[in-house]
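Thanks for coming. I will go through one chain today, and I will give the cut-offs as the terms come up.

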Amino acid sequence: MDLELSPEERQKLQELKSELQSFKRERGQLIPILQWIQERLSFLPSQALESVAEYLQIAYAEVFGVATFYNQFRFHPPGRNPIRVCLGTACHVKGADIILENFERKLGIREGETTPDREFSIERVACVGCCALAPVTLMGETVHGYMAPSKVEGLITRVAIEKEVRERERKKGAHV
Ligand code: FES
């Protein structure tokens, strides 16, 4: 399911529509256009795919099919706390798939998706280069080694608490 676009994203999308004119109107431009849009928006919302289909005068299904074929494209905005679960060999043999499933269950989204409040997104990644700490999960830029399914809830709760503390401080600041 598509997440609602922010006003800023809607604005960018409008601009992109007119800037599409700088690309030749030919099918061979499809991938460069998708890459260009992803650079600007950091993901490919369905509205952008519709605009590309219209501009290149090809079916939406074709644009969608090409975009989903390549794993360089994402269809959901990255969350403020992107979770990347390593599923490289060393992590996989230590149960990384169960960790991934646990994040999916706790957050109610699938890998490749973002929570509706955009707080979290989940991605599976290949070896992140610290196999000695397997299984490994990255939360933002922080590496969490020796991960376990039982640690998933704690990590999510920690982010929620940090957010709550920031909110309270912001409100306190606003009242001073
Ligand atoms: S396989 Fe996960 S860090 Fe190398």
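Let me start with contact: two residues are in contact if their C-beta atoms, placed from the backbone, lie within 7 Å. By that rule, and leaving aside neighbours within four places in sequence, Phe103 is in contact with Ile83, Val85, Ile122 and Val152.

Now the provenance. This is a predicted model; local features need pLDDT of at least 70, side-chain atom pairs count only at pLDDT 80 or more, and totals for chains, interfaces and linings use all residues. Residues are numbered from 1 along each chain as its sequence is written.

First, the overall layout. The chain has 7 helices and 4 strands, where helices (H or I, at least four residues) and strands (E, at least two) are DSSP runs numbered from the N terminus. In order from the N terminus, the elements read α-α-α-α-β-α-α-β-β-β-α. The C-alpha trace spans about 55 × 50 × 25 Å along its principal axes. The domain assignment gives domain 1 as 7-69 and domain 2 as 81-175; such bounds come from an automatic or database domain assignment. Between the C-alpha centres of domain 1 and domain 2 the distance is 30 Å. Of the contacts between residues at least 6 apart in sequence, 62% join residues at least 24 apart.

Next, burial. A residue is buried if 20 or more other C-beta atoms lie within 10 Å of its own, exposed if 12 or fewer, and partly exposed in between, with C-beta atoms placed from the backbone. Of the 176 residues in the chain, 20% are buried.

That brings me to the cores. A nonpolar core here is a set of buried Ala, Val, Leu, Ile, Met, Phe, Trp, Tyr and Cys residues joined through C-beta atoms within 7 Å. Which residues have the most contacts inside the largest one? They are Val85, Ala96, Ile99 and Phe103, in a core of 14 residues. Strand 1 (81-86), helix 6 (96-107) and strand 2 (120-125) each supply at least two residues of this core. Helix 6 gives the largest share, 4 residues. A second, separate core has 10 residues, including Ile33, Leu34, Ala48 and Val52. In soluble globular proteins, nonpolar side chains tend to be buried together.

Several of those names return in a helix pair. Two packed helices are described by the angle between their axes and the distance between the axes. For helix 2 (residues 30-41) and helix 3 (residues 46-56), the axes come within 11 Å and cross at roughly 145°. Axes here are lines fitted to C-alpha atoms, for helices over the stretch in contact, and angles run from 0 to 180 degrees between N-to-C directions. Leu30, Ile33, Leu34, Ile37 and Leu41 of helix 2 meet Ala48, Val52 and Leu56 of helix 3. By class, that contact has 8 nonpolar, no polar and no charged residues; Ala, Val, Leu, Ile, Met, Phe, Trp, Tyr, Cys and Pro count as nonpolar, Asp, Glu, Lys and Arg as charged, and the others, Gly among them, as polar.

Most residues other than glycine have a negative phi, and most peptide bonds are trans. Ser42, in the loop between helix 2 and helix 3, has a positive phi of about 70° although it is not a glycine. Ser42 counts as exposed because 12 other C-beta atoms lie within 10 Å. Gln57, in the loop between helix 3 and helix 4 (60-69), has a positive phi of about 55°. Gln57 is exposed too, with 9 other C-beta atoms within 10 Å. A cis peptide bond joins Ala134 and Pro135, with omega about -5°. Pro135 sits in the loop between strand 2 and strand 3 (137-139).

What lies across from Gln57, 30 residues away along the chain? Arg27 does, with the two C-alpha atoms separated by 8.6 Å. Arg27 is in the loop between helix 1 (7-19) and helix 2. Arg27 is partly exposed, because 13 other C-beta atoms lie within 10 Å. Beyond four places in sequence, Arg27 is in contact with Leu56 and Ile58.

Last, Glu119, in the loop between helix 6 and strand 2. Its C-alpha is 5.0 Å from that of Gly79, 40 residues away along the chain. Not counting residues up to four places away in sequence, Glu119 touches Gly79, Arg80 and Asn81.
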